[in-house]
Amino acid sequence: MVSRVIPVDPFDLVIFGATGDLARRKILPSLYRRFFGGQVPDEARIIGVARTELNDEQFREQVAEALKEFVDESKQSAEQIAAFLRCLHYVTIDATGETGWETLKALVRPDLVQAFYFSVAPELFGALADRLHNYGIAQADARIVVEKPFGRDLVSARALNDTLAAHFTESQIYRIDHYLGKETVQNLMAVRFANILFEPLWNAQYVDHVQITVAETVGVGGRGAYYDTSGAMRDMVQNHLMQLLCLIAMEPPYHFDPSAVRDEKLKVIRALDPLGPEDIVRGQYVGPNGASYRDDAGNPDSRTESYVALRCHVANWRWKGIPFYLRTGKKLRARTSEIAVVFKEPPHSIFDDATDWRENMLVIRLQPNEGMNLKMMIKEPGPGGMRLVQVPLDMSFADALGEEGADMPDAYERLIMDVIRGNQTLFMRGDEVEAAWAWTDPIIAGWEAAKTRPQPYDAGSSGPEDALMLMHRDGRRWREIRE
Ligand code: BG6
């Protein structure tokens, strides 16, 4: 199956923080892949901006190196890379200084789509926004792209929103949560709203519970200093896991457009019941299969969690009483992200020998091996009477869609193209981010006030014992963490 590529209009994209890690690993390789795929036109200008003194040629050399490292071999074409590099320019600017802005202004064409990517520390957002405005660089419909972390609590998120709002309207601001750019995450909406099969069952009457798992095998090594001030709650739950929860729990939007989708997601966040201490388990990894969290974080007394498991409720008509279990952690036994919707038992069994009875379950695998698996009961073959057995209706997107389907674009490819197209559906609105912080703030404040310590769990395990108990107490169990 060949996917359609619709080129975007010529544009100018300015990347502040162009020599940084995110630009090197994600933004520039993603732009190249879209160029290779025929979506970014030759006339596009990609203008790198950072404090480092570089000229265009030196910047292009740096980017060429990054492409070698981060672009798959199948897309390494000397000719295409050379053409892509010709789109690149560089301007040396210190965000808080006054030099270089006129040079930037001369490069950004006023009659094209303009996007300004703030791949810098949030403390610099204000300085950048002021100067883009004061030097008359950003047009009235210019787009501003900002990364997470969008604040570390409600107060700081509000302050960032206010900073941006001083010069830009909400319709110009693209807050990235890269999970929303993942193909399979977008597929959650397709599965729910493009099929009639699931929606009638998608409620408290038929669903027993939902499990959302984002398990990583990596630790925090290399990012320890940042991570230790953040922890899994701020780094993963407040954004990525809550977005997944929203897509699973939200009402059907009236249309697939930015306001409609984001209105519905916001309602889910606002409907979340507050959590009590019994609803949540924090963990921190310890050796022996590698360094402990505290070594990685460089903080021998750290109380920061590298794992969170929690049980929450969406207090509305659809989900009354149905628990949503969320968990995420570093240094777990496998890298896997999935959502399992576990259905209730049929109201009455007509079979005598139902000893092997298991619930229907829809598992949506987000990564790796993206696909869906619907677990169903059938009769076990053979003459031995009516015995039941659970079998999977298993679909991997790669098998179902062929080679092209297996070539999943990186989340950033989709998101950056959406910025250029002016489509905000997969970006977080300011009120959504604030609502998410309003829900997580009291949880974090509770830990801080009680000075609780996360429970240790072995690196390479499935997480702390108490996380298992969180579900056992409810007569349920987590799905195994495996690839
Ligand atoms: C980032 C977090 O937002 O997402 C990281 O800051 C985490 O800690 C990463 O590792 C996970 O993203 P992915 O795409 O690898 O699942």
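Leaving aside its neighbours within four places in sequence, which residues is Leu31 in contact with? They are Phe11, Leu13, Ile15, Val40, Ile46, Phe84, Ile416 and Met417. Contact here means heavy atoms within 4.5 Å.

## Basis of the model

This is a predicted model: local features need pLDDT of at least 70, side-chain atom pairs count only at pLDDT 80 or more, and totals for chains, interfaces and linings use all residues. Residues are numbered from 1 along each chain as its sequence is written, and side-chain values use heavy atoms, with hydrogens and water left out.

Helices (H or I, at least four residues) and strands (E, at least two) are DSSP runs, numbered from the N terminus.

## The nonpolar core

Leu31 is one of the residues with the most contacts inside the largest nonpolar core, along with Leu104 and Phe116. That core has 149 residues. Helix α9 gives the most to this core, with 12 residues. A nonpolar core is a set of buried Ala, Val, Leu, Ile, Met, Phe, Trp, Tyr and Cys residues joined through side-chain atoms within 4.5 Å. Buried means under 20% relative accessible area, exposed over 50%, and partly exposed in between (1.4 Å probe, protein chains only). In soluble globular proteins, nonpolar side chains tend to be buried together.

Helix α9 is mostly covered: 19 of its 19 residues are buried. The helix reaches 25 Å from its first C-alpha to its last, close to the 27 Å expected at 1.5 Å a residue. The expected span is 1.5 Å times one less than the number of residues. α9 bends by about 50 degrees at Val237. The bend is the angle between axes fitted to the seven residues ending at a residue and the seven starting there.

Helix α13 (residues 411-421) is also mostly covered, with nine of its 11 residues buried. Among them are Ile416 and Met417, both in contact with Leu31. The buried residues of α13 pack against β1 (11-16), α1 (21-36), β4 (113-118), β5 (143-146) and β6.

## Helix α14

Helix α14 (residues 430-450) has 21 residues. From first C-alpha to last, α14 reaches 30 Å, close to the 30 Å expected. A kink of about 30 degrees lies at Thr440, shortly before the proline Pro442. Thr440 is buried, and so are Trp437, Trp439 and Trp447, among others. The cover over the buried residues of α14 includes α6 (154-165), α9 (231-249), α10 (258-271), β8 (280-286) and β9 (307-313). Lys451 follows α14, with a positive phi near 50 degrees.

## The nine-stranded sheet

An open sheet of nine strands runs in the order β14-β13-β12-β11-β7-β10-β9-β8-β15, with mixed pairing. Its edge strands are β14 (388-396) and β15, each pairing on one side only. Neighbouring strands are turned by 20 degrees against each other on average, direction ignored. Two strands pair if DSSP finds at least two bridges between them.

Six of the seven residues of β8 are buried. β8 pairs with β9 in the antiparallel sense over four bridges; Val281 has Ala309 as its bridge partner in β9. β8 also pairs with β15 (residues 455-458), in the parallel sense and over four bridges. There, Gly283 is partnered by Gln455. Strands β11 (residues 336-343) and β12 (residues 361-367) run antiparallel, joined by six bridges. Val341 has Leu362 as its bridge partner in β12.

## Helices on the sheet

Helix α7 (residues 183-193) lies across β11, β12 and β13 (371-379), at about 150 degrees to β12. Helix α15 (residues 465-472) packs on the sheet, touching β7, β8, β9, β10 and β15. Its direction makes about 15 degrees with that of β9. Axes are lines fitted to C-alpha atoms, for helices over the stretch in contact, and angles run from 0 to 180 degrees between N-to-C directions.
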